[in-house]
Amino acid sequence: MEYITASCVIRDREIRQNGQLVLRQPGAGLADFLLAAYQHFGAAYPKFYKMDPLSKLGWLAAEGLLAGGFAGGPYDGADIAVVLSNAHSSLDTDYRYFSTMSDIASPALFVYTLPNIVIGEISIRHKLKGENAFFIFDAFDPVFTRDYAGELLDRMRARACICGWVDVLAEEYSAALFLVEREAAGPAFTADNMTAIMNLTNNGNA
Amino acid sequence: MKDIFVVADNIYSPLGATTAENFAQLRRGIRGVRPQARAEIAEDPFYAALFDPGICAGNAAHTKFEQLLIASVGDTLATAGIDPADDRTILILSTTKGNIALLEEGEGNIGLPENGEAGAARLTLGSSARLLARHFGFVNPPLVVSNACISGVLAILTGMRLIRSGRYDTAVVVGADTVTRFVFSGFASFQALSAGPCRPFDQARDGINLGEAAATVVLSAHRRYRGNLRIRGGAMTNDANHISGPSRTGEELAAAIARSLAEAGCRPSAIGHVSAHGTATQYNDEMEARAITLAGLQAVPVNSLKGYYGHTLGAAGLVESIVTLQTMREDLVLPSPGFETNGVSTPLHICTSPLHVPLDHCLKTASGFGGCNAAMVISK
């Protein structure tokens, strides 16, 4: 049996940690919102400023997700998996790189033209060395995510798994990360529970 | 644990349109990497493995990327007897940049959002997968893997896992990428491109050659395929070190290898050949040599196929795994082009001439940007 031991959802200019609203920035553009969120978490991590919006968003969601630590840990970094997905791959940065490459092709920008770089950024920050995978779906697929992450945990490929969704295209963005552990307690790791957490509103209703 | 059999495979590359055509060329020492003068990709001449210009020009309905996918999948379906309309069959697409050429092509760069929604929508990896699924009549939504240069190995292992979990009986796993100005300029900006043919693991190595290809492998757990080669196990790890540079120690790739061997039930001594990632950058090859040594495989015959195909990105894990399949069928390890003098701190057994040796178990490795590593065991 696997459990959702933490969650962090970022969308509509709001951050929810474990269902609780922790930051709200009505009217903020994405860049300003990401900066406000970074300041909210209070981490001194200068590398944040070099990241593209997709990596910033995923990095922030991981900060919120792991703020309370691991329920069943501590784990060896090799036993923590990261499985993410989105709809637009790295297209947001692809457009930016394309518009500048004829003048000056920047390696610092080009490296972000791969969606899994956000997994790398989260892994560096939290020293995660386990399984990783990045998938593309039109919308978050909680059933596939449950099955894939569940297999990693069932087959002892990982003892904890960070899974979910991180998507950015221009001003459209959403992130929902879930921490899943075996040796812990919490809501059951089901597709329905992930969907409910993603769709929480101000009233706390799904 | 279910055996996952290889039912059919295809490499569609500048060296040939089938696995057999490709391997025949490799046996003769023919390399796809050649001097290229292609102004649409780069101002100056460069070395790469490219399809002839105009190979896909006759088809207005599909982009070059889409045509490569269709050609490769089509060949395997024709030989495999697989029914795409079976609801127990899944199509898995591995790619890094997909239709990114749409940004550069057509009147007014049709992939740019300001030039219309249709081109921008077609740029997404999901739309390529849907187009491919529709073309062949797959009924399940296709799965897209995009995890830098390990995408191909990860896609095969995802197929293996999905079949073992009982969700599907058959997986059609295809990978492709094309060489565009976008990709070329990016690797050039990293100063990662070799001035000549790439030289994996050699003292004089100075970077990669790019390549383009599509490749497909069809996997099934059905007992009627007993006797075919099997995907036995595999694992992914992350370096957690740097987004564009590999681990300094190789421990993380070594961990992926160890987990792969454990799942396959193989000791290191059972591995007869390692098909390395071997990009011919200073840092990748050094890291990989350390990892292969840490994994206890220092004496095992190793090659890198990048000298034949260049780095085909999202197709690389598939192309190179399929060459490894054919290597096992013929018990023939191919020489690693470009290698003369050891250039890594833990010397490996790099093949410099064709090696005829019985092969029961082989290992494929891959690593990529984002710190990702993958390893996979293939067995008879």
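Helices here are DSSP runs of H or I with at least four residues, strands are E runs of at least two, and both are numbered from the N terminus. Walk along the sequence and the order reads β-β-β-α-α-β-α-α-α-β-α-β-β-α. This is a predicted model, where local features need pLDDT of at least 70 and side-chain atom pairs count only at pLDDT 80 or more, while totals for chains, interfaces and linings use all residues. Residues count from 1 along each chain as its sequence is written, and chains are lettered from A and ligands numbered from 1 in the order in which they are written.

Now zoom out on chain A. Its C-alpha trace spans about 55 × 35 × 35 Å along the principal axes. Of its 206 residues, 50% are buried (20 or more other C-beta atoms, placed from the backbone, within 10 Å of a residue's own; exposed is 12 or fewer, partly exposed in between).

Next, jump to chain B and select 282-294, helix H8. Its 13 residues should span 18 Å at 1.5 Å a residue, and the end C-alpha atoms sit 19 Å apart, which agrees; the expected span is 1.5 Å times one less than the number of residues. Highlight the buried residues of H8(B), including B:Met287, B:Ala291 and B:Ile292. What do the buried residues of H8(B) pack against? Show helix H7 (251-264) and strands S10 (271-276), S11 (301-304) and S15 (361-368) of chain B. Contact means C-beta atoms, placed from the backbone, within 7 Å.

Last stop: B:Gly296, which follows H8(B) and has a positive phi, near 85°.

Terms used: Contact = placed C-beta atoms within 7 Å.
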